[in-house]
Amino acid sequence: MNLENQVQQQTFGNLELLAKQVVEGFITGMHKSPFHGFSVEFSEHKLYNSGESTRHIDWKLFAKTEKLYTKKYEEETNLRCHIIIDNSASMHYPVVKKQSIDALNKIGFAAVAAASLLEILKRQRDAVGLSIYSDRYEYYAPEKGSDRHRKMLLNELEQLLHANSSNATETYQYLHEIAENIHRRSLIFLFTDMFQTSTDKEKLFDALRHLKYNKHEVVLFHTYDKKHEMDFDFSNAPKKFVDVETKEEINVYAENIQEKYTEAVKEYFNELKIKCLQYQIDYVPVDCNDGFATVLTSYLLSRRKFL
């Protein structure tokens, strides 16, 4: 084994461990919340019907409840999930010296959130696939449930934590391609900041609607940095703002445009929310500084709805 592979395995293991810690912390908190009834650590059960084989009866559960339940095994409980991540330049904002759980940019948040979803999907024995795009379709893996496949996806997510991107965003184009790749009904999670080089919003909404084809359940995690991208919270010194995708520049005092900027952003967020409601897409805005509970809770709610 060469040094490169050793380093790759070590860093890969760190992301896997971090994902496990995120999920364990979430489960601990969930037991104190209204969501404590969700099953995230063991197989689901169904009531035993007279005449069925007694082979799969959960006798430990019978001892606790005095009711007969049978375990629902992989072929009965598996659902198919597909995670989609926008890897364009704008997703690599804000600039951080080194990605850590306390200092993540948007792509770092998406990668750790996706790894945490992989962990919880593994516990539910659900099949999962992954697509990554920017100005090209960078990566695609179909939905599978094996441990080897999951580790391959974790390795791809690990690379996102350490990579840079200067690519523009072509979300509407590649969502169409991704939708064509997902043939069987699936639960789809999309991580994107919804910043586009194209100003044609209808093309973007058409692409989102395409994801609903074949009766997929779609969750849009609108990933953003609230302090800077929504509140425009910058010191009131003259600054040069550069669009990382188009390279356009503007010199302004933040305070002079803050009010109009925040109004425009809130209007855009609200428009996205309304469009997603219209297309029956779950719209979930997530601040990359706020942790992962919202993402994991959305998974549990969507899974319950999907099944």
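The legends below describe close-up views of a predicted model.

**View 1. The six-stranded sheet.** An open sheet of 6 strands is ordered β5-β4-β3-β6-β7-β10, and its pairing is mixed. β5 and β10 (282-287) are at the edges, each with a single partner strand, so one side of each has no neighbour in the sheet. Direction ignored, neighbouring strands of this sheet are turned against each other by 15° on average.

**View 2. Strand β4 and its two faces.** In β4, 7 of the 7 residues are buried, so the strand is largely enclosed by the rest of the structure. In a regular strand, side chains alternate between the two faces of the sheet.

**View 3. Pairing of β3 with β4, and the crossover through α4.** Strand β3 (residues 80-86) and β4 run parallel and are joined by 7 bridges. Within this pair, H82 stands opposite G129 in β4. From β3 the chain passes through helix α4 (residues 106-123) to β4, a right-handed β-α-β crossover. Helix α4 lies across β3, β4, β6 (187-192), β7 and β10, and runs at about 170° to β3.

**View 4. The β4-β5 hairpin.** β4 and β5 form a hairpin, with 3 residues between the two strands. The strands run antiparallel and are joined by 5 bridges. Y133 stands opposite Y137 in β5.

View 5. S134 lies in the loop between β4 (127-133) and β5 (137-144). With a relative accessible area of 0%, S134 is under the 20% cut-off and therefore counts as buried. The side chain of S134 makes a polar contact of 3.2 Å with the side chain of D135. A polar contact of 2.5 Å also joins the side chain of S134 to that of E138.

**View 6. The β7-β10 pair.** Strand β7 (residues 217-224) runs parallel to β10, and 6 bridges join them. Y224 stands opposite D287 in β10.

**View 7. Cysteines C276 and C288.** C276 has a relative accessibility of 1% and counts as buried. C288 is also buried, with a relative accessible area of 5%. A disulfide is a covalent bond between the sulfur atoms of two cysteines. How many disulfides does a search of the whole structure find? The search finds 0 disulfides.

Terms used
Residues numbered from 1 in each chain as written. Predicted model: local features only at pLDDT ≥ 70, side-chain atom pairs only at ≥ 80, totals over all residues. Heavy atoms only, no water. Helix = DSSP H or I, 4+ residues; strand = E, 2+ residues; numbered from the N terminus. Buried < 20%, exposed > 50% of the residue type's maximum accessible area, 1.4 Å probe, protein only. Polar contact = N/O pair within 3.5 Å; in protein donor to acceptor, adjacent residues only side chain to side chain. Pairing = 2+ DSSP bridges. Right-handed = clockwise from strand over helix to strand, strands pointing away. Disulfide = S-S within 2.5 Å. Axes fitted to C-alpha atoms, helices over the stretch in contact; angles between N-to-C directions. Contact = heavy atoms within 4.5 Å.
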